[in-house]
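Me: I would like a close look at the charged side-chain pairs in this model. Which pairs are made, where do they sit, and what criteria define them?

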Amino acid sequence: MKTALITGITGQDGSYLAEYLLSLGYAVYGFVRPSSFDPNEKLEDFLGKTPVKLVYGDLRDLTSIERALREIKPDEIYNLAAQSHVGVSFKAPETTWEINYHGVGRLVHAIMHEAPNARLYQASTSEMFGSSPPPQSETTPFHPVSPYAEAKMRAHLDFIVGYRERENRWNASGILFNHESPRRGKTFVTRKITIALSKIKLGVQDILELGNLDAKRDWGFAGDYVKAMHKILQQPVPKDYVIGTGEYHSVRDFVNAAAKTLDMSITWEGTGANEIGIDTKTGKVIVRVNREFFRPTETSDLLADPTRAHNELDWKPEVNFGQLVEMMSQSDFQKIQKTL
Ligand code: NAP
Ligand code: GDD
């Protein structure tokens with residue numbers, strides 16, 4: 001039986017990965033932040049009563065990382081913990097760097113001393129490509145345009161690639177494009193849309209306010225992407241992989257698709273900050289642009305070229321865009337309906 005340690009286990013990806021590794025027979029440990037909330041409660045929301053063992057720690061606390069590694073001696077470490085919101089990173093850049101850059105450095109150093117034979121997966125991101133035009137592959141230059149992306153890129157180059165090449169460490173990055181699910185954090189655009197449209201449909205919200213409707217993302221299903229994480233750590237040599245669907249859609253497309261699954265339709269009028277979305281059946285304005293949700297600098301077009309993952313990992317996503325939107329919209333609609 002292999003042992004895995006997952007940082008960020010209380011997040012979207014952590015919960016899917018824990019389920020997947022348990023299904024493969026792994027002993028799974030989760031590294032969770034000490035807080036006044038019981039982390040088991042958060043996990044139970046996602047996982048029910050699964051046999052995940054929790055250790056307290058924080059990527060800002062080297063001692064906690066070393067102790068966790070010493071106690072668990074994992075074969076595989078999945079570093080999913082991060083301040084993961086791009087918009088928030090402009091408002092809290094130091095916290096973002098402390099966790100997303102220095103946290104990775106602490107983890108890599110601790111592994112060298114406490115679990116030197118462990119393989120490390122790092123949650124890198126398509127945001128690192130930033131303003132590089134699509135499609136983006138492993139050879140596309142990085143041009144990050146946010147503190148989040150900058151910190152993730154430097155962590156990837158300094159601690160994953162750098163320590164792999166200089167120190168012979170078994171470190172690999174998955175450069176993942178956006179992936180979503182009913183467990184997605186509620187402040188990310190997809191979940192914000194599926195919750196708001198469900199509430200509008202049920203008559204308990206009037207309007208959905210969004211930022212940049214033209215941004216395009218390559219959206220896949222988180223449950224598919226955690227399988228790629230596992231495959232990356234099973235390779236004979238450590239290497240970085242772009243993971244995405246190879247198809248992209250605008251935020252406006254996502255709104256239209258979510259509306260459709262809820263038997264609504266939207267007519268768009270106006271442009272830029274004055275664009276509005278009107279409910280075709282009722283004639284009411286239900287989507288409006290609010291500058292508050294624009295970012296100082298924006299990654300506008302992210303589209304994966306996942307050829308390496310197809311060829312070398314034999315990985316392909318199983319859930320397509322339409323199925324993903326349907327899954328998320330229906331899940332939120334049913335959850336909200338039950339509370340009314
Ligand atoms: P998420 O839902 O925001 O989860 C983040 C996790 O990190 C949470 O469990 C959080 O714990 C934990 N965490 C935050 N700060 C920490 C700290 N200082 N020490 C220890 N744990 C800490 O993120 P996600 O969507 O699952 O994404 C997982 C990883 O993949 C992240 O690194 C993200 O940047 C990266 N990524 C995500 C995507 C995507 O589309 N989802 C794409 C590319 C890369 P709490 O519960 O205590 O807050
Ligand atoms: N969050 C949010 N809220 N985004 C909005 C809104 C809004 O009201 N309106 C428009 N957007 C646009 C953002 O400007 C961005 O272009 C796009 O919708 C997606 O935003 P998010 O869902 O917040 O995700 P992200 O692409 O910035 O970041 C996610 O994906 C990255 C991978 O590319 C996060 O999961 C990151 O952690 C991850 O690395």
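**Charged pairs**

Reply: Glu-312 has a relative accessibility of 37% and therefore counts as partly exposed; that class lies between buried, under 20% relative accessible area, and exposed, over 50%, with a 1.4 Å probe and protein chains only. This is a predicted model, in which local features need pLDDT of at least 70, side-chain atom pairs count only at pLDDT 80 or more, and totals for chains, interfaces and linings use all residues, while side-chain values use heavy atoms, with hydrogens and water left out. Residues are numbered from 1 along each chain as its sequence is written, and chains are lettered from A and ligands numbered from 1 in the order in which they are written.

Side chains of opposite charge can pair when their charged atoms come close. The criterion for a salt bridge is a side-chain nitrogen of Lys or Arg within 4 Å of a carboxyl oxygen of Asp or Glu. By this rule there are 17 salt bridges.

One of them joins Glu-312 to Lys-239, with 2.9 Å between the closest N and O atoms. Lys-239 is in the loop between H8 and strand E11 (241-243), whereas Glu-312 is in helix H10 (residues 307-313), so this pair ties together parts 73 residues apart in sequence. Helices (H or I, at least four residues) and strands (E, at least two) are DSSP runs, numbered from the N terminus. Lys-239, at 28% relative accessibility, is partly exposed.

In the pair of Arg-106 and Glu-98, the closest N and O atoms are 2.2 Å apart. The two partners fall into these accessibility classes: Arg-106 counts as buried because its relative accessibility is 19%, and Glu-98 counts as partly exposed because its value is 26%.

Asp-263 and Lys-281 also form a salt bridge, here with 3.7 Å between the closest N and O atoms. Asp-263 belongs to the loop between helix H9 (251-261) and strand E13 (266-269), and Lys-281 to the loop between strand E14 (276-279) and strand E15 (285-289), so the pair ties together parts 18 residues apart in sequence. Asp-263 and Lys-281 are both exposed. Elsewhere, Glu-127, Arg-217 and Glu-298 are joined into one network by salt bridges that share partners.
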